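The paragraphs below lead a new reader through one protein model, beginning with the chain as a whole and then turning to particular elements and residues. Please keep the sequence and the structure in view while reading.

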Amino acid sequence: MFKTNPARTWLTILGMGVGTSAVVMLVGLGFGLQNILLEKIVFGDTLLSLTVTNPPSNAVTLTDAVVAQFKATPDVQDVSPLADFSSLITYNGLSANTDLQGVRASYFKYAGIAMAAGTAFTDDSKDANDIILSSAALQLFGVTDPKDIIGKPVSFRVITGGSGGGGGGDQVPLNGDFTVTGVTNDAAAIYAMIPLQTLASQIGIPQYDKVQVRVSASAFLGTVQDVIVKDGFIVSALSKTVDQANQIFSGVQAVLAGFGGIALVVSAIGMFNTMTVTLLERTNEIGVMRTLGASPRDIQILFLSEAVVVGFLGGMTGMSIGIAGGLIINYLLNLVATHYGGAAVAIFAFPATFLGFITFFSAIVGFITGIFPARRASSISPLEAIRYK
């Protein structure tokens, strides 16, 4: 086939490749979108953490005693609370409203908080006046580059009257200025974070607004959650959100693969037509081979082998076209995004296991399209085949 009709053979492979490339690009888009959604999640501690909040009725509240109770619960490794107050932040002579949150250093990894610039404070931090701001908080002062505010001083006046961001209380200035050591990548919520010990030393904390409960292993997430829910608190787990997102994207990828599969079916029909035409052209050759002692099984294996090779090469060609097309589209979109101040992202992703499956699947498609021509070729009478012109 490659020697006698190279043009037709390579066009058949290219046609198979176009259909395969459609599947590769569309499913790769699904993987890319899934990665964009989940890329900000810090795996490990975050997926082993439960977020506990107070119920709307405030029938029970998160106090130091409750936090200690959570810590003593079997299979709980650590507990990290968060206290939240409304406050006024002052920077460069400008003041604005923001939430002031007191947290321990472990809260960052349990809650999956990532830094856009700088570093988060640690339990070993020598300066108790380190502070972390959200990216959204920078917009209050017209700061566009998070690095510009690192190392700068800010001051606070806390509005007392209860933890949880409630207003209507007195304004209590915190002692001294705080130095910005990091900026989170959260562009939606306006808040500042300081060490919980620093906040507790200056403001009384009657209750906490949120607690991250770190479980020792994923197998105990459900058990610990049931225990906390029985106490009347609201519990959510990021791992369940991730599982739900993965399920949704699995459906999205299946739909995208279905659209790409339409092009693949059209390519398979073209390949089937080529194999059938090849059978008619090689009927006389089949007769000669049968006369020389080739069995019907030998003829069948010959045709199936050629179909598998064409399908495999079509899959490899399709992967090359799909990956190249995805990278080019991704580059052009990122070029436009960065030009208008956006962030570059990878909207296409091609996992190795997926590409391996596509290679195997393409060979299977070639095998299926070659079954009918192979059976027909093996059933031809040697005498009739020799006489065929």
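This is a predicted model: local features need pLDDT of at least 70, side-chain atom pairs count only at pLDDT 80 or more; totals for chains, interfaces and linings use all residues.

Seen as a whole, the protein chain has 11 helices and 11 strands. Its C-alpha atoms fill a box of roughly 105 × 50 × 35 Å along the principal axes, and its radius of gyration is 32 Å, whereas a compact globule of 389 residues would have a value near 21 Å. Of the 389 residues, 43% count as buried, and the accessible surface of the chain comes to about 19400 Å², with 62% of that area belonging to carbon and sulfur atoms. Among the contacts in the chain with a separation of 6 or more, 80% are accounted for by residues 24 or more positions apart.

Among the strands, β2 (residues 76–91) is mostly covered, since 14 of its 16 residues are buried. Strand β2 is joined to strand β3 (residues 94–103) by 10 bridges, and the two run antiparallel; they form a hairpin with two residues between them, and in the turn N92 has a positive phi of about 55°. Six bridges join β2 to strand β10 (residues 210–215), again in the antiparallel sense, with P81 standing opposite V211. Strand β6 (residues 153–159) is also antiparallel to β2, over five bridges. The residue S87 takes part on two sides, for its bridge partner in β3 is T98 and its bridge partner in β6 is V158.

Which residue forms a salt bridge with K71? The partner is D78, and the closest N and O atoms of the pair are 3.9 Å apart; the structure holds one salt bridge. Side chains of opposite charge can pair when their charged atoms come close.

Strand β5 (residues 130–134) is another mostly covered element, with five of its five residues buried. In a regular strand the side chains alternate between the two faces of the sheet. Both faces of β5 are covered, with D130, I132 and S134 on one side and I131 and L133 on the other. Strand β5 pairs with strand β8 (residues 178–184) in the parallel sense over five bridges, and with strand β9 (residues 191–195) in the antiparallel sense over two bridges. The residue I132 can be followed into both of these neighbours, as its bridge partner in β8 is G182, while in β9 it stands opposite M193.

A last stop is S362, whose place is in helix α10 (residues 352–378). Is S362 buried or exposed? With a relative accessible area of 2%, S362 is buried, because the limit for a buried residue is under 20%. Leaving aside neighbours within four places in sequence, S362 is in contact with M16, T20, G311, F312 and G315.

Key: Residues are numbered from 1 along each chain as its sequence is written. Side-chain values use heavy atoms; hydrogens and water are left out. Buried means under 20% relative accessible area, exposed over 50%, partly exposed in between (1.4 Å probe, protein chains only). Helices (H or I, at least four residues) and strands (E, at least two) are DSSP runs, numbered from the N terminus. Two strands pair if DSSP finds at least two bridges between them. Contact means heavy atoms within 4.5 Å. The radius of gyration is taken over C-alpha atoms; the globule rule is 2.2 Å times the number of residues to the power 0.38. Accessible areas come from the Shrake-Rupley method with a 1.4 Å probe; for residues, only the protein chains shown count as cover. A salt bridge is a side-chain nitrogen of Lys or Arg within 4 Å of a carboxyl oxygen of Asp or Glu.
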